[in-house]
Amino acid sequence: MNLLSVEDISKSYGEKVLFKSISFGINKGQKIALIAKNGTGKTSILDIIVGKDKPDDGNVIFRKGIQTAYLPQEPNLDPKLTVEETILKADNPTLRIIANYDKSLENLNDQEAYQKAFEAMDQSQAWDYEKQYKKILFKLKLNDLDAKVESLSGGQIKRLALCNALLKEPELLILDEPTNHIDLEMIEWLEDYFSKEKITLLMVTHDRYFLERVCNEIIELDNGILYTYKGNYSYYLEKREARIAQENVEAHKNKLHFKKELEWIRRQPKARTTKSKSRIEDFKIIKEKASQRRNEHQVQLEINMERLGSKMIEMHKVQKSFGEKIILSHFNYTFQRNERIGIIGKNGSGKSTFLNLLTSNDTVDAGKIIWGETLKFGYYTQKGIPVKEEQKVIDVIKEYGDYIPLKKGRKISAQQLLERFLFDRKKQYDFVNKLSGGEKKRLYLCTVLIQNPNFLILDEPTNDLDIITLNVLESFLLDFPGCLIVVSHDRYFMDKIVDHLFVFKGNGIVNDFPGNYSDFRAYEDSRVKENKESLKNDKKESVYQKETKEKVGFSYKEQKEFKKLELDIKKIEIQKKEIQNNFIKDNLSAKEIENLSIELGLLEKELESKTQRWFELSEISE
């Protein structure tokens, strides 16, 4: 069943032609990824499909009555609404019935209102939907429904927008970089959810494991032409390589043909016959084909970086906290030459703070950090660099350096470095404000690299970069002779680049794991399996047992517990709201604030415990 048809659409901005007369369709059940270089039209295609932009020519046709949802790269939510209000704006009638039922639980004295809400839940079969809805909220860690959108982090806003999109229960879900700004645990849950759910997807993403495990078709926009690959990422790589090899063979034939025709042209007299004029016209076509070349570069830099001494960075009993939140507790580590360390952990666990301590952008609470005299940092942060909008690309990079010294007395100029990172000579003289988000990130990378650091720190370098640029960056980093630290949610990138991991567990705990991300996941999964077996042998009730045992439905005791939990959870949420309102009162003493904080913390722990048990019981009832 066809859900969407894109027919002969074209888009240009002035003289720049992004694409011309491209067409594709989406059928029910397909999970399609759109791949292209930054700045070549991926987001423009999505904008045209969702109605944010119009094509110069062509049409986008949706199946009549189809329900769609769109998750943009940067969600635009009303900052004044709460999490719950934002969710209810999803315009789902079942959600309104659930909200009405939840409201009736707040006032159980009004039995008539409660009974009416209860019957509405039954009639609309909203009980199963409520479980699914609350499970999504729980998995996306959106437990505080009263929090204002303006108080949320970028990652929380992305998760809230994603929750909204999922709760619309769309037949077609369109996603622009869904894994940006969310942590690895969230990404893996989302990957598992999409791979199992019978949902039709169209997405733009640079997460190659996501492409591998979720998508069953890949569309590549290359030099304005669409190529379709009926398979996942591995299949795409194999077939794309074969296509490019064939194109290279054809290009070589075209050049030989051009050379032969050029010799013939030079031998011809000025007077032309009809036959020779035809051949001249053909020659023009041959020349055009022969002059085509792929605008791709493989980075193979042999950097002659500044000498790195025997002492690099030593961290001795380092402690760092923000209020009651502990980031590091008596942390010790001595960095070695040529180390390649990946840093992983949940959002807010302290990864960026750790990097700021290393680079003297923050101070320790206790302990000390000793830096070697020859250390030269290159620090790529998530914030990027301030760029004057009237600047040209080449001017930006030359503020940081003119060249990188290479081995054997050679060097690479700023222009050559930009070319290696896919900025051709014409693009180098574009104004920065014309660049796409991904192109700006690519430029920022170049400004860090041209400074020729011997200790390179990259904080989420893969966000907004296309797959082709990621391959270029990976090639550079594999040849980089210095010390490297990477914070990234891109598992494929981490697997390829790092040798061991710092795993931030929270509460100041940092584990040093010997291996890459896939090694770590395999290790963690094996521990879970061992725990399952141990619990099974001990005949203990646990979450792991409930996932594997035969579903037998609620016992009478469990049914009573389940209903009581619903009431308890609602009561705790009301108590939480009352305490939060108390914080707003004027003239609170320090002691009163401390007592309220302790009480709120205890309530949150109780709420998390009861919510977890609610989910365990809901699994049994399915």
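Colleague: Which residue in strand 18 is the bridge partner of Asp459?

Modeller: Val487 in strand 18 is the partner of Asp459. Bear in mind that this is a predicted model, where local features need pLDDT of at least 70, side-chain atom pairs count only at pLDDT 80 or more, and totals for chains, interfaces and linings use all residues. Residues are numbered from 1 along each chain as its sequence is written, and side-chain values use heavy atoms, with hydrogens and water left out.

Colleague: Why are strand 17 and strand 18 called paired?

Modeller: Pairing takes at least two bridges found by DSSP between two strands. Strand 17 and strand 18 (residues 483-487) are joined by 5 bridges and run parallel, so they count as paired. The chain gets from strand 17 to strand 18 through helix 15 (residues 467-479), in a right-handed β-α-β crossover. Right-handed means that, with the strands pointing away from the viewer, the path from the first strand over the helix to the second runs clockwise. Helices (H or I, at least four residues) and strands (E, at least two) are DSSP runs, numbered from the N terminus.

Colleague: What makes strand 17 mostly covered?

Modeller: Buried means under 20% relative accessible area, exposed over 50%, partly exposed in between (1.4 Å probe, protein chains only). In strand 17 (residues 455-459), 5 of its 5 residues are buried. Phe455, Ile457 and Asp459 cover one side, with Leu456 and Leu458 on the other.

Colleague: And which residue stands opposite Leu456?

Modeller: That's Gly378; strand 14 (residues 377-380) pairs with strand 17 in the parallel sense over 4 bridges.
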